[in-house]
Amino acid sequence: MPFKKVSLKITACLVILFAIGFFVFFPAYLDKQTNLLHDSHLPVISAQARTLHAQLIIGDWHSDTLLWKRDLMDKHDYGHMDIPRLQQGNVALQMLTTVTKSPDGINYEENSTDASDNITKLALVSLWPAKTWDSLAERALFQAGKALELVNEFPQHVSLITSKSELARFILERKANPQLLGLLLGTEGSHALDGDLNNIQRLFDSGFRMMSLQHFFDNKLGGSLHGESGEGLTTFGREAIQKMQSLGIMVDVSHSTEQVVKDVLAMSNQPLLVSHTGFYGHCPSPRNISDDLMQQIAANDGLIAVGYWDGAVCEPNVIEIAKAIKYGIELVGSEHIALGSDYDGATSVPFDTSELIYLTQALLDLGLSELQIKQVMGGNMLRYLQLHLPG
Ligand SMILES: [Zn+2]
């Protein structure tokens, strides 16, 4: 064979090997670099915390784990969550949120609508199907598909919860099988509607039961807390909320402008969720809305879920997260506070989901009662779902 032909073949082989290496290893590398666990002082676990933690029904309103190329049935030593770690942490209910558009640099102050979108790049390097490249609805459906596959393949480990009756059955089944995990599906922002109200029904039919309105960009529904306009709810946004609530989709106002939150409160016939946040009075971060508005959300029977990362609690250690929860309890009452980790949402956190017992301990150390801890760790989430999932 002529030398030129041989060297061409070697080059082709090298290119193919590089491509395989890139598409296999780079998504995991990105995941490891983006979803971090930092060293932090963790409390010593007492016998009381162990006994209490084992009795809790634990629920978390926000995790972006479906975004990443991770086999969720395997236990990983990176990222914040997979099924074995959720089981180890005694988690019962996990809302999985689907991110469809996120700006370069994730800026809390201001992002222009034409800022470069990271999820397009992630979709390309993770080899998501071509239909996800230019459709945000398809991105949400693709991520949901990963959860639905787990539910079909491993029914002894995971159930999808989309209605009050499925929730009741799940609670019964979990008594016999404490490893059983209930998954729920949500969107991070209504960018996933692609500006089309018909996509609400489409997402509902695929199991979505919570939708937030904005993420880092302003959209057709109204202004993002991190956008440019500062606008309230648009006419399209009002129509979207009416449609969501008529179907039984719970509305999440995380990342929305204060004006959007006020407008939703004024029109909504349902209580609202803040699926991952902190309290401005505890941590004055541009990620958090005012205490006054949080009180209005709670007065309307809403639920506020506290996150574990710096943007929410300023100092992301277990004591400060517990202090944010205590602050929330003092501000709005223990029946309105829940957990909203933002695990795997490009965050750095002090403990992963398998280590949630440290939070139970920190809440005990701050003097919270066992009843308050039961409410915050998941009791309130269970009650909210019992009231607000479709029949
Ligand atoms: Zn978020």
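Is Asp301 buried, exposed or partly exposed, and how many other C-beta atoms lie within 10 Å? Asp301 is partly exposed, because 14 other C-beta atoms lie within 10 Å, where a residue counts as buried with 20 or more such atoms within 10 Å of its own C-beta, as exposed with 12 or fewer, and as partly exposed in between, the C-beta atoms being placed from the backbone. The model shown in these views is predicted, and local features are described where pLDDT is at least 70, side-chain atom pairs count only at pLDDT 80 or more, and totals for chains, interfaces and linings use all residues. Residues are numbered from 1 along each chain as its sequence is written.

**View 1. The whole chain, with its 14 helices and 11 strands.** Helices (H or I, at least four residues) and strands (E, at least two residues) are DSSP runs, numbered from the N terminus. The C-alpha trace spans about 80 × 55 × 40 Å along its principal axes. For a chain of 391 residues, a compact globule would have a radius of gyration near 21 Å, and the chain agrees with this because its own value is 21 Å; the radius is taken over C-alpha atoms, and the globule rule is 2.2 Å times the number of residues to the power 0.38. Buried residues make up 50% of the 391 residues. Of the contacts in the chain with a separation of 6 or more, 73% are between residues 24 or more positions apart, a contact being two residues whose C-beta atoms, placed from the backbone, lie within 7 Å.

**View 2. The largest nonpolar core, which has 99 residues.** A nonpolar core is a set of buried Ala, Val, Leu, Ile, Met, Phe, Trp, Tyr and Cys residues joined through C-beta atoms within 7 Å. The residues with the most contacts inside this core are Val251, Ile304, Ile321 and Ala338. When residues up to four places away in sequence are not counted, Ile321 touches Val306, Tyr308, Val313 and Leu359. In soluble globular proteins, nonpolar side chains tend to be buried together.

**View 3. Helix H8 (residues 235-247), with a buried face.** The 13 residues of H8 should span 18 Å at 1.5 Å a residue, and this agrees with its end C-alpha atoms, which are 19 Å apart; the expected span is 1.5 Å times one less than the number of residues. Gly237, Ala240, Ile241 and Met244 are buried in H8. Seen down the helix axis, these buried residues fall within an arc of 100°, so they line one face of H8, the arc being that of the directions from the axis to the C-beta atoms. An α-helix has 3.6 residues a turn, so residues three or four places apart point the same way. The buried residues of H8 pack against helix H7 (198-205), strand E6 (208-212), strand E7 (250-252) and helix H9 (258-267), whereas Thr235 and Ser246, on the other side of H8, are exposed. After H8 comes Gly248, whose phi is positive, near 100°.

**View 4. Val260 in helix H9.** Val260 counts as buried because it has 26 C-beta neighbours inside 10 Å. Leaving aside neighbours within four places in sequence, the contacts of Val260 include Leu213, Gly222, Leu233 and Val253. Although Val260 and Ser224 are 36 residues apart along the chain, their C-alpha atoms are separated by 8.3 Å.

**View 5. Helix H13 (residues 357-365), largely enclosed by the rest of the structure.** This description of H13 holds because 8 of its 9 residues are buried, among them Ile357, Leu359, Gln361 and Leu364. The buried residues of H13 pack against helix H2 (47-55), helix H12 (318-332) and helix H14 (370-388). Just after H13, Gly367 takes a positive phi of about 90°.

**View 6. Two loop residues, Asp301 and Asp342.** Asp301 is placed in the loop between helix H10 (291-299) and strand E9 (303-306), and its phi is near 70°, a positive value in a residue other than glycine. Asp342 lies in the loop between strand E10 (337-339) and strand E11 (348-349), and its phi, near 60°, is also a positive value in a residue other than glycine. Asp342 is buried, because 29 other C-beta atoms lie within 10 Å, whereas Asp301 is partly exposed.
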